Amino acid sequence: MSKQTGWMVWLAAAWLVAACAASEDPAGGGLGVEVEVHGPSIVFEPLRLPLPEVPFPNDVSLRVVDDTRTGKAWNLSAEKPSEHRRKLFERANHTDGFGPYAPISVSFDGPLDLATVTDESVVVVNIDPKSPRFGERVALDLGRGHYPTRMRRGAFFGQDPQVDAYDLLFGPANDVVSDAGDLVDRLVHYEMATNTLILRPIRPLAQGAEHAVLITRELKGWRMVDGEPTLASVRSPFPYKAHAAQAEIIRRALDVAQMPPEALAFGWSYTTADLVTPALNLRRGVYGEGPAAYLADNRREGLLSVRDTGITHDANGDQFEADPRDHDYILQADF
């Protein structure tokens, strides 16, 4: 074997060893799941119909684009059985992220021990270095009463099968009753029927910013092991503690949250929509500034004043007789 051939064989072998090593932990950074007895696994089924079931909101549901403020947009199928639904989903695909005040949900394939749902076992953190709230840990309700759902019971129609329900969100399975059958409490941060944990931010998150949800191993639940119910830490649905597309993001999130990788059970990221900028651009446009500057050329005298025009319908000469006092920038209350 020549010296050159020997070097080629050695380099090929080194490449194969490196490739094998990389394939053992494509997530890297200590994100491999430890081999041990574990509790319920997180449900991650993106192909489930009629809707995917993944921890939500989740950036794996988005696509990368160059025409939104966040550089991302929804990725919903517009193949729907009606024209109305098709147009609705097409318009939704222009949304550049998720609601800054939206609840976060994650389902498990077994019941959780709700005593382990704490501020340390479920963490939501702002990981966007461009955000003024970078590094902020989001305060979560976790069933502490910020979002009461209990209401006076009553039927909505004659044969209402849910006449005894206390709210429109959860079924009777979420009632906590005494031995005498009296309602003691109502679970509002966990759905018993689907083992779904619901995390509600107490105040809106930063807009147009990337966030991470970190489920730690302190969150525990029940799973049958060798025929016996066993309480143990929840587990990732993968051999790694993050989806491969989000592994680098979750490593960065752990640094921001100052959390060691071994404390993590599973993490994912999601981007909040920028809801305010469009409204601010409209305001700037009225003054001839920004991307909507053309509004200044079309505005009429009195546009910036608040007054009663006395016009109660859209007097554009189409369905109703035209009125010179009406124009496209007046929105009637009834309309």
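What follows is a conversation about this predicted model, in questions and answers.

Trainee: What share of the contacts with a separation of 6 or more comes from residues 24 or more positions apart?
Mentor: That number tells you about pairs that are separated along the sequence. For contacts in the chain with a separation of 6 or more, residues 24 or more positions apart account for 63%.

Trainee: Now the sheet with β4 in it. Which strands of that open sheet stand at the edges?
Mentor: The sheet is open and has three strands in the order β4-β9-β12, paired antiparallel. An edge strand has a single partner, so one side of it is left without a neighbour in the sheet.

Trainee: Which residue is the bridge partner of V124 in β9?
Mentor: Start from the pairing: β4 and β9 (residues 210-216) run antiparallel and are joined over five bridges. Along this pair, V122 stands opposite I215. For V124, the bridge partner in β9 is V213.

Trainee: Is β4 largely enclosed or open to the outside?
Mentor: Look at the two faces in turn. V122, V124 and N126 are buried on one side, and V123 and V125 are buried on the other. Five of the five residues of β4 are buried, so by the rest of the structure this strand is largely enclosed.

Trainee: There is another open sheet, with β3 in it. Which residue of β8 stands opposite E191?
Mentor: This sheet has three strands in the order β3-β8-β7, with antiparallel pairing. β3 (104-107) and β7 (190-191) each have a single partner strand, so they stand at the edges. Two bridges join β7 to β8 (residues 196-199). Opposite E191 stands T196.

Trainee: Which residues are linked with R217 in a network of salt bridges?
Mentor: A search of the whole structure finds 16 salt bridges. R217 is partly exposed at a relative accessible area of 22%, and E36 is partly exposed at 40%. The residues linked with R217 in the network are E34, E36 and K241.

Trainee: Which helix holds both E90 and R86?
Mentor: Their side chains meet in a salt bridge at 2.5 Å, N to O. The two are four residues apart, about one turn of the helix. The helix that holds both, residues 83-92, is α2.

Trainee: How many residues apart in sequence are the parts that D119 and R144 tie together?
Mentor: The two side chains form a salt bridge at 3.0 Å, N to O. D119 lies in the loop between β3 and β4, and R144 lies in the loop between β4 and β5, so the separation in sequence is 25 residues.

Trainee: Is N281 buried or exposed?
Mentor: N281 lies in helix α4 (residues 276-286). Leaving aside neighbours within four places in sequence, N281 is in contact with E289, P291 and A292. Its relative accessible area is 17%, and the cut-off for this class is under 20%, so N281 is buried.

Trainee: Last one, on the surface. Which residues form a nonpolar patch there with F156?
Mentor: F156 lies in the loop between β4 (122-126) and β5 (175-177), and it is exposed, with a relative accessible area of 57%. The patch has about 460 Å² of accessible area together.

Definitions and conventions
Residues numbered from 1 in each chain as written. Predicted model: local features only at pLDDT ≥ 70, side-chain atom pairs only at ≥ 80, totals over all residues. Heavy atoms only, no water. Patch = residues over 30% accessible without salt bridge, like charges linked within 9 Å, V, L, I, M, F, W, Y side chains within 5 Å. Areas by Shrake-Rupley, 256 points an atom, 1.4 Å probe, with all protein chains shown as cover. Salt bridge = Lys/Arg side-chain N within 4 Å of Asp/Glu carboxyl O. Buried < 20%, exposed > 50% of the residue type's maximum accessible area, 1.4 Å probe, protein only. Pairing = 2+ DSSP bridges. Contact = heavy atoms within 4.5 Å.
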